[in-house]
Amino acid sequence: MSGITQRKYIGILMIMVLVIGFFDIRVRIHAEPIKGNLQQYVEDMQPGWNLGNTFDASGGETSWGNPYVTEEFIQELVKQGYRSIRIPITWNHRLGSGPEYIIQELFADRIREVVDWSLDAGLYVMINLHHDSHWMLDMENDREAAMEKYKAVWRQIAHLFKDYPSKLMFESINEPRFSEDWNKDEPVYFEMLDELNVAFHQIVRNSGGFNATRPLVLPTVTASPSEARMRELYKTIERLDDPNLIATIHYYGYYPFSVNLGVTTFDDASREDIVRAFDGAYEIFVARGVPVIIGEFGLLGFDKDVEVVQHGEILKYLEYFTYYAREKRMTHMLWDNGQHFDRRSYSWSNPAFYEVMMASLNGRSSHADSDSIYLLPGEESKDVLVNLNLNGNTLTGIRVEDRQLEAGADYEISGDQLTLKADFLRGYVPNTTGESVTLTCTFSAGADWKLHVIRYDHPVVRSIEGTRSMFVIPVNYNGDKLATMEAVYEAGGNAGPASWTPFQEYAHSFEPDYNLNILKLTNEFFNEVNDGEVLLKLHFRSGVVLDYRLSVSGSKVIGTSPSNKADAQEQTEGADDPAQTKGTSVSDGEPALQDKTNRLIYYWAAGIALLFIAGGIFYHIGMFKFFKAIKRKENHSDWR
């Protein structure tokens, strides 16, 4: 071959092999069928994290407040210890018209890019149909149209990723439901979900490539862990008779605790709700050989604010949730819509949340009955007893900032009881109401626990006139904080949105503002309040309970307070439900060649490429990543 040296020829040949075989080689380098036991596959995903409010958003990738996803961010997530990522995707507004419902090419490329980054970082990856579940709501009335669209979308997704490795899994649909009632069970709902899951399974399994054995994730109705819904899903899984199926549920806690609707502590009922849900999932699925992924978890109150539920009680919930899920061999994936791990600073908004979840992956963490100790003026002259829940650990020390407290002099520990000595409290607790000192308790294992010793005085509420659309109660909190509120009619019956309980939902019916010293009663509250006399009980975290009266007539509201400091102290002594409210308190081309040479090299290149691929001996990671980077830059530069 005149004009081409042997060395140049080999170099050109190698480049042609790479170019011709790029797409197939790219996936076959990484692709492999699932190995070993599917239960171990799921356990190896622990812990998991959700890329929430991003590709699931109803607008563009950043329309719900999060930045564009970068490869650097994915790598940072791995540094945080996460081993799997769920990428919720809403495809509906990225589809063409029916019956083809073609997915926008640019969007498909963007999803593949983020999936590639995640796999390259070593993560297990789950993708799904997310808020597309919304167009399933009316499936009962237009079943054929819903199924046609659902199948069209999954045929395309299955084709896009058919040669991807087994560490990529597909989830059929997020939280499927068929009415606005999240709690209603109807035989037709189970029938329709079965139809969706079976169609999904058939489409993926018949789409070629590694989809023949790819792990597939199937949800219950609304992804609920109710026994009835889990048993119905198991029937589908049993009938499909496929060893690579995974069940998924979501868990957001015992409802009254999860939204702070009267249950302000992680109490026995909250704990038992976890046990009931996870024991049921274990018995129905795991014990029968079907792994379970808790595809989302958190607290429903987080939708409004992460502090709707008191900080220390959130820590107790996260600790027990993580521990018990591990006990039942279920992997969990934190729902994060941007409020937990900051995607710009790569830091945790609530580091304590992260620390307790990570610590609980391998053991238990310790905590006290409360993270708050409220002291009235003069009460630092007494020793303070704090009950600890050690969970098998021992207390190893307490510090205030850089000072290590001295056992015996500053505190004593006897079993699970911690006594803070009066002399220490006198020297460290500020005299100004609202001020506090923070004690950091360390243990033989698990996360630290912080105790906040807070100076307070009895809160005071005052009378005021206002309207249904604008009503705030003046409150001098005096260092205390509101835990919950009750509302009943003087004539009898519960007032407010939740007619089944007198308690009102925090940040929905009422919202305290400690800077302005007010308590706002919301439009949502008054929209469900009739004219007449309404009696409120304000429960504070110290244990104080104050009465307040609303006189409602048309749009006008008059608030009056019969309470003063003496009343508050008297009511504190008679607080009726200590498990609900209180803290601890003494009283939170290369160039063109000639045609003939070009064809010759092409044939040689194709032949050698096939030989290399078939023999499994071709692999050049540097060149692979070089071409991969070029391809991404050409196709996706407008996404960054």
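This is a predicted model: local features need pLDDT of at least 70, side-chain atom pairs count only at pLDDT 80 or more; totals for chains, interfaces and linings use all residues.
## Confidence along the chain

The protein chain has a mean pLDDT of 87, with 82% of its residues at 70 or more. Residues 564–582 stay under 50 in pLDDT, and the model gives them 34 contacts beyond four places in sequence. The stretch 584–640 is also below 50, and there the model has 92 contacts beyond near neighbours in sequence.

## One face of helix H3

Helix H3 spans residues 71–79, and Phe-73, Ile-74, Glu-76 and Leu-77 are buried in it. Viewed down the axis of H3, these buried residues fall within an arc of 160 degrees, so they line one face of the helix.

What do the buried residues of H3 pack against? Their partners are strand S1 (48–50), strand S2 (84–87) and helix H4 (105–120). Just after H3 comes Gly-81, with a positive phi of about 100 degrees.

## The largest pocket

The largest pocket holds about 1100 Å³ of space. It is lined by 36 residues, and those closest to its centre are Trp-182, Thr-222, Tyr-252, Tyr-255 and Leu-300. Strand S6 (245–251), helix H9 (268–284) and strand S7 (292–297) each give two or more residues to the lining. By residue class, the lining divides into 13 nonpolar, 14 polar and nine charged.

## Leu-245 in strand S6

Leu-245 lies in strand S6 and is buried, with a relative accessible area of 3%. Leaving out residues up to four places away in sequence, Leu-245 touches several others, among them Leu-38, His-201, Arg-205, Ile-237 and Pro-291. Val-292 is 47 residues from Leu-245 in sequence, while their C-alpha atoms are 9.4 Å apart in space.

## Backbone spots worth a look

Most residues other than glycine have a negative phi, and most peptide bonds are trans. Here are some departures from that pattern. A cis peptide bond joins Gln-46 and Pro-47, with omega about -5 degrees; Pro-47 sits in the loop between helix H2 (38–43) and S1. The bond from Gly-98 to Pro-99 is cis too, with omega near 5 degrees.

Pro-99 belongs to the loop between S2 and H4, and Tyr-101 is in the loop between S2 and H4 as well. Tyr-101 is not a glycine, yet its phi is positive, at about 50 degrees; this residue is buried, with a relative accessible area of 16%. Asn-260, in the loop between helix H8 (255–258) and H9, has a positive phi of about 60 degrees and is buried at 3% relative accessible area.

Technical notes:
Residues are numbered from 1 along each chain as its sequence is written. Side-chain values use heavy atoms; hydrogens and water are left out. Buried means under 20% relative accessible area, exposed over 50%, partly exposed in between (1.4 Å probe, protein chains only). Helices (H or I, at least four residues) and strands (E, at least two) are DSSP runs, numbered from the N terminus. The arc is that of the directions from the helix axis to the C-beta atoms. Contact means heavy atoms within 4.5 Å. On a 1 Å grid over the protein atoms alone, a cavity is a set of points where a 1.4 Å probe fits but cannot get out, and a pocket is an open set with protein on both sides within 12 Å along at least five of seven lines; lining residues have an atom within 4 Å of a point. Grid points are joined across faces, edges and corners, and a volume is the space filled by probe spheres set on the points. Ala, Val, Leu, Ile, Met, Phe, Trp, Tyr, Cys and Pro count as nonpolar, Asp, Glu, Lys and Arg as charged, and the others, Gly among them, as polar. pLDDT is the predictor's confidence in each residue, from 0 to 100.
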